[in-house]
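The stops below proceed from the whole chain to a single residue.

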Amino acid sequence: DGDGVIEIPTMRLMPGYTAESTDPTYITSWWRFNMQTDLPDIFVYDMVTNSAGRYCFRLPELWRDHVTAKQDTATQTLTFYEWEGAQGVAILNIQVFSATEWLSGKGIDNFVKMYEHSDGRVIAANLPNQDSPYTLTYKEIRENIMLISNS
């Protein structure tokens, strides 16, 4: 994350997925070394990576064990859902649009532009359920998206 501190990633399945799941979504948890124990046991944050869309989304602490996600590679959409033992309502969609799709305005209803890649692709978000206790603001969403560069 550019802070000059070495952090170690670990991966685990998001709630609702098993090792046998088709196209599971993983959480990457980042840990910092604890100088007193020489172990990576200081939690930094959790995130979900969308490699094709070239971004990561840092998960808010409030979401831990209460939200799951599904990636749709055909539509380049990452959707987050409430999770209380079963998949609930959708609370956030993050979608990657081509420059042409975004400029045409087709299929972008209710999406708000968060970032634009150098190749013109747009990362946009929408909030399908404003009443969820896990709903974020667009400012919070933007602050939690981290772009992955080509280099």
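Select the whole protein chain and display its contacts (heavy atoms within 4.5 Å): among those between residues at least 6 apart in sequence, 42% join residues at least 24 apart. This is a predicted model, in which local features need pLDDT of at least 70 and side-chain atom pairs count only at pLDDT 80 or more, while totals for chains, interfaces and linings use all residues. Residues are numbered from 1 along each chain as its sequence is written, and side-chain values use heavy atoms, with hydrogens and water left out.

Next, colour by secondary structure. The protein chain holds 2 helices and 10 strands, in the sequence order β-β-β-β-β-β-β-α-β-β-α-β. These are DSSP runs, helices being H or I of at least four residues and strands E of at least two, numbered from the N terminus.

Then switch to the C-alpha trace, which fills a box of roughly 55 × 40 × 30 Å along the principal axes.

Now show the surface. The accessible area of the protein chain is about 8700 Å² (Shrake-Rupley method, 1.4 Å probe), and 52% of this belongs to carbon and sulfur atoms. Of the 151 residues, 41% count as buried, that is, under 20% relative accessible area with a 1.4 Å probe and protein chains only.

Finally, select asparagine 34, which lies in strand β2 (residues 26-34). Is asparagine 34 buried or exposed? Its relative accessible area is 16%, so asparagine 34 is buried. Leaving aside residues up to four places away in sequence, asparagine 34 touches Leu39, Asp41 and Ile42.

Conventions: Buried means under 20% relative accessible area, exposed over 50%, partly exposed in between (1.4 Å probe, protein chains only).
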